[in-house]
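Work through the exercises below with the sequence and the model open beside you. Try each task before reading its solution.

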Amino acid sequence: MSGSAEALVELDGVRKEYGDVTAVDGIDFTIRRGEFFSLVGPSGCGKTTTLRMISGFERPTAGTVQLNGADAADVPPNERDTNLVFQHLSLFPHMTVGENVEYGLKKSGVDADARTEKSKEYLSLVDLDGYYERKPNELSGGQQQRVALARALVNEPNVLLFDEPLSSLDRKLRKQMQVELRQIHEQVDGSFFYVTHDQEVAMTLSDRMAVLNEGRVEQVGPPEEIYREPASPFVADFIGDTNLVNGTVNDGTVRVGGDDGFAVDDGADADGDVTVSIRPEDIDVVETDWDFAGEVVDRYFQGDQTQYVVEPAGEGLGELTVVMQGRQTPVEQGETGHFRVQSDAAVVFDE
Amino acid sequence: MSGSAEALVELDGVRKEYGDVTAVDGIDFTIRRGEFFSLVGPSGCGKTTTLRMISGFERPTAGTVQLNGADAADVPPNERDTNLVFQHLSLFPHMTVGENVEYGLKKSGVDADARTEKSKEYLSLVDLDGYYERKPNELSGGQQQRVALARALVNEPNVLLFDEPLSSLDRKLRKQMQVELRQIHEQVDGSFFYVTHDQEVAMTLSDRMAVLNEGRVEQVGPPEEIYREPASPFVADFIGDTNLVNGTVNDGTVRVGGDDGFAVDDGADADGDVTVSIRPEDIDVVETDWDFAGEVVDRYFQGDQTQYVVEPAGEGLGELTVVMQGRQTPVEQGETGHFRVQSDAAVVFDE
Amino acid sequence: IGGGGGGGGGNTINILTWEEYAGLKDEIESNLDVTVEFTKSTSSSKMFSSWQAGKDSQYDIAVPNNNYVPKMMEADLVAPVPEDTVGNYDALYDQFHQFADQQFTSGGDLYGVPVRFGWYGYSYNSENVPDHEESYAALFEPEYTGTDLSGSLIMYDNHFKAMSAAALYLGYGDAFSGDKVTLSQSQIDDVKQTMVEQKDILQGYIAADPSYIKSFKQGNFELGQSGRNEIVEMWTNGTDWPKMATPKEGSLAWFESAVVSKKSENKDLAWQVVNQFIAPKLGAKLAQAGYSPSCNPNTQEHLTSEQNDMYGAIKPSRLEDMIPFKSVENEDAWLSAWEEIKSA
Amino acid sequence: MSSETSSRSLRQQLLGAFETRRSRLSVTLGPSVVWLVLLLLAPIMFMVTVSFLQVNDAYQIIWGSPTLSNYGALFAGDGPFWETAFFQSLILSYKLAAVTTVLCLVGAFPLAYLLATRGGRTFKVVIFLVLLPFFTMYLVRAYSWYLMFGPHGVINSTLLKLGVVSSPVALFGYGQLAIVVGLVHAYFPYMLLSLYASLDGIDFSLVEAARDLGGSRIDALKDVVVPLTLPGIISGGLFVFVPSLGAFITPKFLGQGKVQMIGQLIELRITSQYAIDYGSAASMFIVISIVVAFLLAFRYVSVEDLGGI
Amino acid sequence: MSTAALSPSTRERALKYGLYGTAALTMVFLWTPLLVMGVLSFAENASTIFPFQGFTLANYTATLADDGLLRSVSVSVQIATISAVIATVLGVLAAFGLARFDFPFKEGYRTFAILPMVIPGIVLGIALLIFFRTVVGLGTSYLTVILTHSVYGLPFVLLPVTARLYSFDRSLEEAARDLGSDRLETFREVTLPIIAPSVAAGFLFAWIRSFEDFIRVYFVKGSFDVLTTAMFSMIKYGSAPKMNAISTLIVFAIAVVLAVAMNAGNVSGYVAGNEDDE
Ligand SMILES: Nc1ncnc2c1ncn2[C@@H]1O[C@H](COP(=O)(O)OP(=O)(O)OP(=O)(O)O)[C@@H](O)[C@H]1O
Ligand SMILES: Nc1ncnc2c1ncn2[C@@H]1O[C@H](COP(=O)(O)OP(=O)(O)OP(=O)(O)O)[C@@H](O)[C@H]1O
Ligand SMILES: [Mg+2]
Ligand SMILES: [Mg+2]
């Protein structure tokens, strides 16, 4: 528990029930000093609840939340060394930008001059010099976003918590704020804990991420690991696009698509029926040695890549999605092409 | 004006001013029978205004809107053969799904039995059998979306107009609805006119699209044409991601990046300063024959592709974005790589 | 603030009465060692009901119309008159002594002191209404005066005044002769019937004096039930076309009578104040303020002859024709009849 | 030092007051519940009780022998009960209140619709011009109509002056028309604001949706706007109808005594006789009317919808 | 048939002007009597415009010289202020209870709390009159008027404040807590300032309702006069000149207050119960 692997936040068997509803169903993970950690999952999976338990607005029904190695059960939110950036920003509408940013400092007894200086420093970090005297409603959405960030950052918390702060912004702005968030993270000391249902954002930003499904953690790890080696069909499907197909294992060989199908060379422990995940970009168009042939029934041009919906010739496989980057147009819509799955590309899940 | 190229909607020099604000600044385009036509542009560029002039809720300040070859200036919305799917759906909250879908039929005097039959048919088309008696607020977002679609479709309008109907849905649902919209378009007769600020959606769905900027049409054409041969830097930047760099033309050769730069082999008519657009996916990592070398200063993992921010070695070029598909990880963050721009990939704009 | 400080303290006397009395404040205070506080009231019934509701401990004096004095006596709210203290009582017109004996005396004690009086009949615009034999018939028969007055007639918006006029018109004068007004149920029904029919020709019912004047001057009606003091006020202010009629059936007279609360802690001082109300000089001033004569004829010495013509000197013979306000025997029946008239 | 500790403990106490559910509720709701029970529920219940008791000549309540005679008295007369003053006044009050409500609705709807659909600079001015009469004393407004009406009031005298008529028009004298006009003027803002609140909550793209689907303007109004503003219409109706039913000042000034609404009847009995038994019984009919009106309203709207004003 | 002959755009325009026309008529209806009254307050002949006999300020001089009337204005102001303060305290507390906590019979309480506003004044007035006299043994007085008006004003505070609290984004309070405030500081520094406009609006409503009330005060006031009862006798006893003048002065005073209030905050929003977050 020292050095870069020091655990700032540690969740241990944390559950939260609201009456009959189990919002969080026993989860464990650790946020380490300095890391950008994301929690992703579909709507209603318990992300906000988890975050609120870390920040102290909810008490776990069971399990412990440790902050800096100590059980935080009895520490109220105002005494926790965490700060939150809210989904709807929650800037105080009756205070100026400056007053908003200084609020936390004031509460911790910093004197007026020091407050002003520090808040201006952080406003400048988020590129808002000169907005000190404005009211929040005089700012654009992106600017408000940055004030919310500065208001939390200025307290230099050990852990900065984010609850989907970008979801209300439009695409261009979201991309831009995403980049800025990463850059700011590199400039400050604290850990970032970022909650979102947008797997793209989470993958782009995080050092590590946890995938939550119906109150349970399905997988924790760096984005690439999660994308390449999903622990469950749910993770495979939720993180990125994938083709989930049924397969059978026979003597360590996995075949998909029944009799007309093909083998995917991934050894499997179990015997019997399995689910196989194949990413669209891992399927290539080939001239020889193909795994399957199929008609392109739909083609969606997406600019930097083109998506093909392929109906394989045999019976055993449903439609498969294939993605080609750039200007390649190896098969036209309505034509039949030949496809091969890259080696090591298939991930096999026991049923 | 016959066959597949018949113009159902024709805008001719259409302007719209609200007081001092010019929302639409003289635009012309044509929607042909049976096509899926999109209008894209950033927020506030006049998309909704254009759509409202076609549907009859606004009168053009100048220019004409022709429907089926006749000037529609004096035709009120209820007498136009167009139907709208609204951004916020605008389902009648006090009516059942069935009543919503039948509303238009009722107004055109279809008798009750025929109405029920037809509305059920269309509800089934949008995969909502059995929801006839529900109230809209008892449906999920995606289901409401489909009701709105059915309500417009059931009238079998010549032109179905959409005002960003998918923007309020979450990513998974949006993708799914996108596919369904395309499929439905194939099943029915009318033309679809689709307004959005989401260039991805527009590219994926459209047969042709128009790019609007500050009330003016910048380009009209099929998505691939617009993506590959953008008519202006604005279009290049708005449709897809791109690197816009400064260049100079000398004797028909375009060079970017000054002295340390390189030539992009695209002949240009003009002499002097130009802007060059290079798509991130058109830059490859190569071992030999590179155009430029640069350090990878940032790397954003996105699952099916990875984005690299490259800082070229010389002075003349700013940061460039490069995208690699799939598992390729040719250069690590912090390392220097060598890059080549694919031939024909650069698009040159006169200043 | 507000409500006054109760009837207890020092030599302050709290008085609930009509607006005009307040003009006597300075003189009373200079004549007696007293502070008087006037609270304006706009009707006898309110004076009565507020005392009934407990205000009797807050006020020392009230000056309701004569018909309310027996009610207050019944409700045991008032104290007997010490005749020695109210020295001016003896000077009052005889007629008022009689009235007081009839109405305000119980167990040999007198409970009220008449202060000023007036009478009701009707008045008309002499420019448009010809002279005629003066009778209440003018109020009930549109053509009676020789010109059609449909829609130009006005009655008092008060059940006692209005219904009494109808009763007198119907010839039930006898009912007004005893201690109380005693209309039989069938007489009340006739009154009701008559008034319901009269409603068609009425322009409306009117609240009280000043609005009568305002409306009369505005030309809203030509002939209406009214008190003499209103007409005197109009004359005084230079409007000479109204004419006051004295109906042959008899005029209804009212007189205000001062009472002192049983709960007053300063009864004697209070009666001294009452005595001032009917003192010659102050009585004359009150008469001037209200355009109504004082019950004390000696007030005439302090008025001009013109004033005496209008409201100072009243011939005792005229007093004899007057029918004083009285309590009515079966007030519920009157009220129900009145309500039915109003909602017909 | 000591002030420090005492202020701290005050703070703790204040914080403590919100610790438990029970203390939170009693601190927030307690005072108003006490107030409402003592000054609304208790008096009304007492009034109900009094309506079943008699009052003696000394105006004392006679306890101990409940009776229906007050109610009997309301409907007792020579003729059938529908000829009694009480019944006649009651019916008249319902009639005038209903007409007032309908007129308010008809008059307020277009204005509320414009306010809800058109924004901008004029909006603030119009809202100001609408609100000002709303905030102006009720009595002043009733009085201003008292000046307007009357055989020689402003309306008639103006008509005479302009030569439109040669003698005063009876219609513009005092009476039922004047009362209705006065009541409409008095309670109009309640209707307007209720409708406005409700119209303002409407997504007007629904109107466009109806138009787009082939509905005319009228269709859009009928099929979309009216059903969706129903809560506003109902609560506005309630806020106009109920007080109109019990109106006193307006009929008093504008009826010139010839028209008697229920409020005047009760007032007359109370002030001239202190007949609280009769008055209580008569008031019960207003109370019951309110209860019925609320129950009817709650079939279409929820309590929150009544929060318009 | 004839409408069918009109071109669609003409029909549209006719509808539009119809709408504006009705709205304009409504405004005329709302304002004419008040304007006429204003004109009459400067007229020699105070009760009707024709025959017009000239302008005068005498009515105002007389009004401002009427001590009784001025005293009644001051009494009204005091009563309105005290009762509105009580109503505001009770109403704000109750609004928190309603908006923030669940409890049994919540809807019942809500309905009950709106009642003082809708119950006709004559009923409330008489019920309280009987109650104060008979049960409490309290003579009618200044105090009874204040009690009556404080309960009458309660819903006028409760409604806007509750509405505001419902639309209040509670994450603002959490933000304050997160940044280091305890509950009390959070209330004082965040909640209260943000709901303050609605509290002010509620106070204003309660104040005005008390100030303008006649019928309730008429029954429970005892024998002193407030402005409305003074006005009532003025009208009943025909003092039109003073009545015109004092009424015009009041309309003017309220116009000024309202204009200031509307510039300061979203009054119309509070009146209509749909105020936006500012
Ligand atoms: N206060 C509460 N009372 C009862 N149930 C609650 C409460 N808060 C959350 N829930 C339930 O707990 C579950 C998890 O909710 P939570 O808000 O944590 O989801 P989330 O992952 O943040 O979803 P989203 O992406 O939509 O914000 C949901 O089913 C929700 O309905
Ligand atoms: N009724 C109106 N009055 C005044 N200006 C308007 C009106 N409607 C639109 N505008 C202005 O016209 C311009 C174009 O608006 P429009 O709604 O057509 O944009 P849009 O492209 O649909 O934008 P978005 O993607 O945000 O929906 C904007 O500047 C807008 O502010
Ligand atoms: Mg959440
Ligand atoms: Mg738009």
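The exercises that follow concern a predicted model, and they go from ligand surroundings to the nonpolar core and the chain contacts.

**Exercise 1.** Find which residues surround ligand 1, and describe the shell by class and by helix.

Solution. Begin by listing the residues with a heavy atom within 4 Å of the ligand: around ligand 1 these are Y18(A), A23(A), S43(A), G44(A), C45(A), G46(A), K47(A), T48(A), T49(A) and E164(A). Next, sort the shell of ligand 1 by class, which gives three nonpolar, five polar and two charged residues. Finally, look for the element with the largest share of this shell, which is helix α1 (residues 47–55) of chain A, contributing three residues.

**Exercise 2.** Identify polar atoms of the protein that lie close enough to an oxygen atom of ligand 1 to count as polar contacts, taking 3.5 Å as the limit.

Solution. Start with the backbone, where a polar atom of G46(A) is 3.0 Å from an oxygen atom of ligand 1. Then turn to the side chains: an N or O atom of T48(A) is 2.5 Å from a ligand oxygen, while a polar side-chain atom of E164(A) lies 3.4 Å from one.

**Exercise 3.** Describe the polar contacts of ligand 2 with chain B.

Solution. Take the backbone first, where a polar atom of G44(B) is 2.7 Å from an oxygen atom of ligand 2, and a backbone N or O atom of G46(B) lies 3.0 Å from an oxygen of this ligand. The side chain of T49(B) then supplies an N or O atom that is 2.5 Å from a ligand oxygen. On its own ligand 2 has 640 Å² of accessible area, and the protein covers 60% of this.

**Exercise 4.** Which residues touch the most other members of the largest nonpolar core?

Solution. The core has 254 residues, and within it F193(A) and F193(B) touch the most other members. Helix α9 (residues 176–200) of chain D provides the largest share of this core, with 16 residues. To see the surroundings of F193(B), leave out residues up to four places away in sequence; the residues it touches then include F29(B), F37(B), L51(B), V159(B) and F162(B).

**Exercise 5.** Which pair of chains shares the most contacts?

Solution. Seven pairs of chains are in contact, and among them chains D and E share the most contacts. By comparison, no contact joins chain A and chain C, whose closest C-alpha atoms lie 40 Å apart, and chain B does not touch chain C, with nearest C-alpha atoms 45 Å apart.

Technical notes: Residues numbered from 1 in each chain as written. Chains lettered and ligands numbered in written order. Predicted model: local features only at pLDDT ≥ 70, side-chain atom pairs only at ≥ 80, totals over all residues. Heavy atoms only, no water. Polar contact = N/O pair within 3.5 Å; in protein donor to acceptor, adjacent residues only side chain to side chain. Helix = DSSP H or I, 4+ residues; strand = E, 2+ residues; numbered from the N terminus. Nonpolar A, V, L, I, M, F, W, Y, C, P; charged D, E, K, R; others polar. Core = buried A, V, L, I, M, F, W, Y, C linked by side-chain atoms within 4.5 Å. Buried < 20%, exposed > 50% of the residue type's maximum accessible area, 1.4 Å probe, protein only. Contact = heavy atoms within 4.5 Å. Areas by Shrake-Rupley, 256 points an atom, 1.4 Å probe, with all protein chains shown as cover.
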